[in-house]
Amino acid sequence: MNQSTDRSSRRLLILASIVVLVIAILVLRLWSLQLIHGAEYTAASVNNRIRMATTAAPRGRILDRNGKELVTNRATMAVMAPALSSTDYDELSDEKKLLVSRLADTLSMTREEVIEKLTTTREGALDLRMVAFDVSMKTVSYITEHATDFPDVEVQAKAVREYPYGSLAAHVLGYTGEISDSDLENPDFAGYEPSDVVGKAGAERAFESVLQGVRGTRTLEVDASGKARQILEETPAESGQDVTLTIDISVQKVAEAALADACKTAQKDGFKNAKAGSAVVLDVTNGEVVAMANIPTYAPADFIGGIPAKVWKQMNSKTSNYPLTNRATMSMYPPASTFKTLEALGALNDGFITAATTFNCSGSWTWKDWNRPWKCWNHYGHGNLNLRQAIEESCDVYFYNVGERFYEDGDEKLQEYVRSLGLGSPTGIELPGEASGRVPDAAWKKKWNEDYPEMQQWNPGDTINMSIGQGDLLVTPLQMAVSYATIANGGDLLTPHLLKKVSDTSGKTVYKQERTLAKTQPKASKSSINTLKTALRGVISEGTGKSPFRGFDIAVAGKTGTAQMQGGKQDDYAWFVGYAPADKPKYCIAILIEQGGHGGSIAGPAARQIFAKLFNKKVEHVNAVDNSF
Amino acid sequence: MSTRSTTRSKLRVRTGLGRGARAVRTGLDSKRASSRLTLPARGSLGKPVTPHSTPPKLGGTPIAQRTTPGPGGIAGLRAGFERWVNPVLVAVLIALLVFGAAFLRTAVHADSSFKRQLLGIGIGLVGLVVFWIWDYRKLKDWVIPLFILDVLLIVSPRIPGIGKYVNGAWSWLAIGNQNLFQPSEPAKLITILLLAAIVANYDGELNDWRSFLKVVGLSLIPFVAIMVQPDLGTGLVFIVIMLAILLVGGVRMRLLLGLIGAGAAAIALIFWVNTFTYDAEKDEYKILKKYQLERLTGFINPEADTKGASYNLKQSKIAIGSGELKGKGLGAGTQSNLNFLPERSTDFIFSVLGEETGFVGCVALMALYLALLLVALSIARASSDLYGTLITAGITGMWVFQILENAGMTMGVMPITGIPLPFMSYGSSFMITNLAAAGVLLSIWRHRPYQSVMKGAFDEAAL
């Protein structure tokens, strides 16, 4: 063998070493990947293929006090499509333009409507949006048969809320929608996921934790494209619990009709802007809200699948009179003469007057030697009046005198007392967004006029204005109902409530709402309460409230009011607050008609209709007159 | 001069060690080996490296029967068997084919693909037998025809009508929609036969740089042709084949290292020049395409983007790693069944193997490969001529590089290129080529100096 072939065989050894080295490197790498880091890669491979998905739980129903279904669920076929990146059709890609046009044609919608539905906010960017629901089977099969024409479009069976009574009690019931980003951060919504349907307003929101069921979970095996291949494990969803409300839907219906009727009457009487109002019916014995009506109203069903931005904007505009607002708890008004009852109770309680205290009404009243008089609504004057007569006639001068005594005392006892009747703070009803109202005092005025030092002083005029329920005093209709209910039931300030009971899917009651007293109770002697009860009955039998209840079988006690708004720039707001039966009170009603004119002529007849329904009498429209304030 | 002598002495030390070890095992010292006549010496060199190449039962056979090969009879059959069959190679091949086909059956889900692979094995076995029977030494004189055939094969996909552009390269011959085969695969084997013939002509005396450059220059022609397609992966295989043949062909070490150095410099230059060829309009480079660069950077920094080029690598590593010791079971790989792994029957079949058979299965395959490569090298030693040795070196180089590149790429130790795994990946052109290469190895084995081996064996037994 020569030198060169010997070199070749030596070189073969180098090659053999390389071979061994290569195999060694690969085996070492295998060792590292599979034996040292195997567990990590196993975790990664599990992570790759396992997805946890949740299934929506049916939401609990909402029932009225007699078990009538107010809100229930309904299965529907919904067309879902991926969200769009732009609300402008021209900015969409050609494929998306085509998809939008096809969806519009197929679903008989305009392109704009489709785009609106596909650009609703929230949810993940990849999530499907509901374009339309209640889609016909014909449309469903068209879409599924032409799947390639509708990329990523899905037809899903969805459970949506159904409202058998339409818009009735809309403000009480509220509506549902996809959970908002801010709610997701709210600790009340811990455990919720984006795209969960939650209560947005009213009882839906108030009893969210009860109505919302427990989501079912599904462990899915997915492939690289994210498509589910099989279900590995499944826990079924737990349906939400049913909520029974204290609302009586038949009374609610009458209340809403009464408000509409009152507005119609007011408009006929020349109050062209009478378009909105509110009525609250309380059971004075236990604080149950039997009806809570507002006009204008809305249809909760409009919110299914997300409300288009345009509609939402319209619902929140002044021209629409804010139909989403639950005026009974959210809107604040001067209580006007209905306040006199509460003030009188305070004056009796604090000893400023007795039932026998009389003042002379000459039609106007002057503070000390001031030259500008305050007028009584009755410019001719009521003459000498005791407390009962003053309330019956709603005499302003009598209460200017009472106000003077409160002012002279200097301790703001008027404010303190009406606060103890629940004014100036939320009543504590379950509904979200309840307003506090406002009981003005010196400290409040100073703060309110922070930037106007000359207006910070609490003046006698502030107390005098307040003494007839005007000035800076503001209340909600519900607060008035609650305060009058306190008188009606003999002095117990109750926390009004909408919840009667919660029952599980088998119908078993799991929670029953009991009568709840407010944390602080007003001081009121039996005799002063009885004095006022007599006076309030007198209002209806003899005084300013006589006209609407003429010939009514039930003994009603109450007070009318006519509030001046914005210094007379708007028409007067009509109030009625009262209860019946006068001798053994059961129900208390507070009614307000915005720009409806006088309480006795507009609000009173509405109350009569509701009382009629409550006591199974004939519900009828009566014409009434009232000139008082 | 002193440096040179140091290098030499180092080499001597290293090779001396190897030879010493061999001398101990064979009972022959290097002087005896080199003083012998060519044929017996080669025989004795070849034999010890494959101590198990002769089945143990043969050791007990009466010598008279073995030394008197006659026509017919059991003794004749045995003698014929020993001359023709390298039992280790054949056993390893059978194991690889069965292992590969059985595994592919679970990895590919289409029956038609599996049938095509079986057809590839069938044709490959025919090719193997043809090369086995044929005397490879005849090829040595066919340098020019081989050269022409080689280049023609490589550029054939460019021929309009029969060529096909697949995955960014002119790589397929096709009739209509029917892909026939990838000519670059047989071109690998032809390149080996060609380069081995060129280098063998120097009879291990490739010492001067003039001859060296001439050989390298000729070797680079097929390489350049494949790079024009452009097929970087196959190009790299060609380079490795060339280096393996030059190494064993006796090129002086400094020339070889110089070539490697120059190659590295050229690659650096290409990268550098590439940055100047950026075409902003097409958002593409002219020399190294973006996807090629991405694969390279993906290998270096796999966490950079998970959905792009390195997504494949990440999923492959998860597949292999999650196989752990015993694997998830045949056909039970979630990474492959749920499509997380790309190209699971071709480029990433090793990942499927890792996932489904675990460390045990992968190491078993590595053991088979190690046996295949070492038995190939033993055949190189047993070869009756330098040509056979060099062919074997080229084939070994081709295989070892493809194994390293393919398995390495799936585990993140090599950049991702489209190189398949010998005897495992789906691909009939590839399978046929590898089986034909094995046929050439068997031919080299068959033409080894057989008689002397028998004598040597007898002598050793007597000692």
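**Entry 1, a sheet in chain A.** I began with chain A, where five strands make up an open sheet whose order is S12-S11-S21-S20-S19, with antiparallel pairing. Strand S12 (289-295) and strand S19 (557-563) of chain A are at the edges, and each has a single partner strand, so one side of each is left without a neighbour in the sheet. I then looked up the twist, which averages 5° from one strand to the next. I noted at this point that the model is a predicted one, so I treat what I write here as a reading of a prediction.

Inside this sheet I followed one pair of strands, namely strand S20 (residues 573-580) and strand S21 (residues 587-594) of chain A, which are joined in the antiparallel sense over seven bridges. Looking for a residue pair to locate by eye, I found that Tyr579(A) stands opposite Cys588(A) in S21(A). Which helix packs on the sheet? Helix H10 (residues 249-268) of chain A does, touching strand S11 (276-283), S12 and S21 of chain A, and the direction of this helix makes about 35° with that of S12(A).

**Entry 2, chain A as a whole.** I next looked up the totals for the chain, and its secondary structure comes to 21 helices and 21 strands. Chain A has 629 residues, of which 47% count as buried. Among the contacts in chain A with a separation of 6 or more, 72% are between residues 24 or more positions apart.

At 1.5 Å a residue, the 14 residues of H15(A) should span 20 Å, and the end C-alpha atoms of the helix are 20 Å apart, which agrees. Is H15(A) mostly covered or mostly uncovered? H15(A) is mostly covered, since 10 of its 14 residues are buried, and among them I picked out Asp396(A), Tyr398(A), Asn401(A), Phe406(A) and Tyr407(A). Following the chain past the helix, I came to Gly410(A), which has a positive phi, near 85°.

S2(B) and S3(B) form a hairpin with two residues between them, and Gly176(B) in the turn has a positive phi of about 65°.

How do H10(B) and H11(B) lie relative to each other? Helix H10 (residues 184-200) and helix H11 (residues 209-227) of chain B pack at an angle of about 175°, with their axes 10 Å apart. Angles over 145 degrees count as roughly antiparallel, and H10(B) and H11(B) are therefore roughly antiparallel to each other. The residues of H10(B) that meet H11(B) include Ala187(B), Leu195(B) and Val199(B), while those on the H11(B) side include Val215(B), Leu218(B) and Ile226(B). By class, this contact has eight nonpolar, three polar and no charged residues.

I then looked for Gly327(B), which lies in the loop between helix H15 (309-323) and helix H16 (334-337) of chain B. Gly327(B) counts as buried because it has 23 C-beta neighbours inside 10 Å, where 20 or more are needed. Leaving out residues up to four places away in sequence, Gly327(B) touches Glu355(B), Glu356(B), Thr357(B), Gly358(B) and Gly361(B). From Gly327(B) to Gly361(B) there are 34 residues in sequence, but 7.9 Å in space, C-alpha to C-alpha.

Last, I looked up the contact between the chains, which takes 39 residues from chain A and 52 residues from chain B. On the chain A side, helix H1 (3-36) and helix H2 (38-49) are the elements that give two or more residues, and H1(A) gives the most, with 25 residues. By class, this side of chain A has 19 nonpolar, 11 polar and nine charged residues.

Technical notes:
Residues are numbered from 1 along each chain as its sequence is written. Chains are lettered from A and ligands numbered from 1 in the order in which they are written. This is a predicted model: local features need pLDDT of at least 70, side-chain atom pairs count only at pLDDT 80 or more; totals for chains, interfaces and linings use all residues. Two residues are in contact if their C-beta atoms, placed from the backbone, lie within 7 Å. Helices (H or I, at least four residues) and strands (E, at least two) are DSSP runs, numbered from the N terminus. Ala, Val, Leu, Ile, Met, Phe, Trp, Tyr, Cys and Pro count as nonpolar, Asp, Glu, Lys and Arg as charged, and the others, Gly among them, as polar. Axes are lines fitted to C-alpha atoms, for helices over the stretch in contact, and angles run from 0 to 180 degrees between N-to-C directions. Angles under 35 degrees count as roughly parallel, over 145 as roughly antiparallel, 65 to 115 as roughly perpendicular and the rest as oblique. Two strands pair if DSSP finds at least two bridges between them. A residue is buried if 20 or more other C-beta atoms lie within 10 Å of its own, exposed if 12 or fewer, and partly exposed in between; C-beta atoms are placed from the backbone. The expected span of a helix is 1.5 Å times one less than its number of residues.
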